[in-house]
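Hi everyone, thanks for making time this morning. Please have a look at the structure on the screen, and I will walk you through it.

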Protein chains: 2
Amino acid sequence: MANLKQINRITTGGKGLPKSLRRHAVRPTPQRLAILRELAARKIHPDAETIYEQVRQRLPAISLDTVYRNLRLLEARGLIMRVTTVRERARYDADLSPHSHFICSKCSRVLDVPVSALRPIPAEADAFGTVASVHVEFRGLCHQCRTVADGQQGQ
Amino acid sequence: MANLKQINRITTGGKGLPKSLRRHAVRPTPQRLAILRELAARKIHPDAETIYEQVRQRLPAISLDTVYRNLRLLEARGLIMRVTTVRERARYDADLSPHSHFICSKCSRVLDVPVSALRPIPAEADAFGTVASVHVEFRGLCHQCRTVADGQQGQ
DNA sequence: CTTAAAACAGGAATAATTACTATTGTAAAC
DNA sequence: GTTTACAATAGTAATTATTCCTGTTTTAAG
């Protein structure tokens, strides 16, 4: 699946979406389909609560937990993605010089990435509004954790 | 809180930091100085809890709320910055094609920013580890909100 | 010294999210 | 076409990071 046009074509009632879910080893339950359709149909990038309110009109018995559970599952299976970053403790920096961060997904260490490792953000983004701040965040395995993982495959 | 002056003497290493705080219209209280020093001394980009644990060794009576309150204040005054993004409801997207987002700080609408508005992220970031994901987020006023703001100054 | 404002400690409250538990739906085996 | 096993669900309780509230202490100014 992977793109909006495909999903949109599918969500108008065809059998494509259920098939696509099965391909990803996800059972196409009514709740799941409703959530996914709601996400694909709208461009507003809704949050769990908004999806819940909408889906409830069709499936009045659905629970908020089901929405959360399925968003998590669908994200894990690579069928949808988060717009906002991972929700974790806020971290601070006294260094105000322009730079970015690499966050290790295993040890959660935060490394400074100098601007030279990025291209400067162009003014084109101004097309969408008055840009007040830009946040660039890399996630992955840091060298240390990668080395350990290479040696002993698990954990 | 007893003998604050003693504490003040202890936590006040040099006079530079207090002066800098005053320049930003922030009163250089011992707690504040300790928090800021902790942040500046370490490169680990600590979270509130970590700062709290550290500062507590010098100022055992400090409260966690004071740490949070001051981090907020120092950020608002432009003396420190968050490494992670604003902590708000997670939003999802069914469009997995590479693109970025502009989030309006007023109406919190999320607009899609095509990759063409960004330069592709270079492989240089690999110097820090194995990059699994890159997240780019713009924040500011969207056109609609800006127009409204121009017309009627308040709100 | 007195007084007003800012900052504080401690604990209660909030909001988003996740965990738990008993129940229901469903796919496959018989 | 039942039975069986397991995934998914609803409803609610719990958790976690953060903020709010109240009464007190500290600081700065008159």
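**A walk through two chains**

Let's start with chain A, whose elements, read from the N terminus, go α-α-α-α-α-β-β-β-β-β-α. That makes 6 helices and 5 strands; here helices (H or I, at least four residues) and strands (E, at least two) are DSSP runs, numbered from the N terminus.

A quick word on where the values come from. This is a predicted model, in which local features need pLDDT of at least 70 and side-chain atom pairs count only at pLDDT 80 or more, while totals for chains, interfaces and linings use all residues. Residues are numbered from 1 along each chain as its sequence is written, chains are lettered from A and ligands numbered from 1 in the order in which they are written, and side-chain values use heavy atoms, leaving out hydrogens and water.

Back to chain A: 40% of its 155 residues count as buried. Buried means under 20% relative accessible area, exposed over 50%, and partly exposed in between, with a 1.4 Å probe and protein chains only. If we take contacts in chain A between residues at least 6 apart in sequence, 47% of them join residues at least 24 apart; a contact means heavy atoms within 4.5 Å.

Now let's move to where the chains meet. How many residues does each chain bring to the contact? Chain B gives 66 and chain A gives 68. Between them they bury about 6500 Å², 58% of it on carbon and sulfur atoms. Buried area is the accessible area (1.4 Å probe) that two parts lose on being put together, summed over both. On the chain B side, B:His45, B:Tyr92 and B:Phe128 supply 14% of the area buried against chain A, more than any other three residues.

There are also 35 residue pairs in polar contact between the two chains, both residues being at pLDDT 80 or more. A polar contact is a pair of N or O atoms within 3.5 Å; within protein, one must be able to donate a hydrogen and the other to accept it, and residues adjacent in sequence count only if both atoms are side-chain atoms. Strand E5 of chain B (residues 129–142) provides 14 residues, the largest share of the side of chain B that touches chain A.

One residue in strand E5 of chain B is B:Gly129. Is it buried or exposed? B:Gly129 has 0% relative accessibility, so it counts as buried. Beyond its neighbours within four places in sequence, B:Gly129 is in contact with A:Phe102, A:Leu141, A:Cys142, A:His143 and A:Arg146.

Over on chain A, find A:His45 in the loop between helix H3 (30–41) and helix H4 (48–56). A:His45 is buried because its relative accessible area is 3%. Its side chain makes a polar contact with the side chain of B:Asp112 at 3.0 Å. Not counting residues up to four places away in sequence, A:His45 touches several residues, including A:Val83, B:Tyr92 and B:His101.

Last stop: helix H3 of chain B, residues 30–41, with 12 residues. Why do we call this helix largely enclosed by the rest of the structure? Because 9 of the 12 residues of H3(B) are buried. Among them are B:Pro30, B:Leu33, B:Ile35 and B:Leu39.

Conventions:
The expected span of a helix is 1.5 Å times one less than its number of residues.
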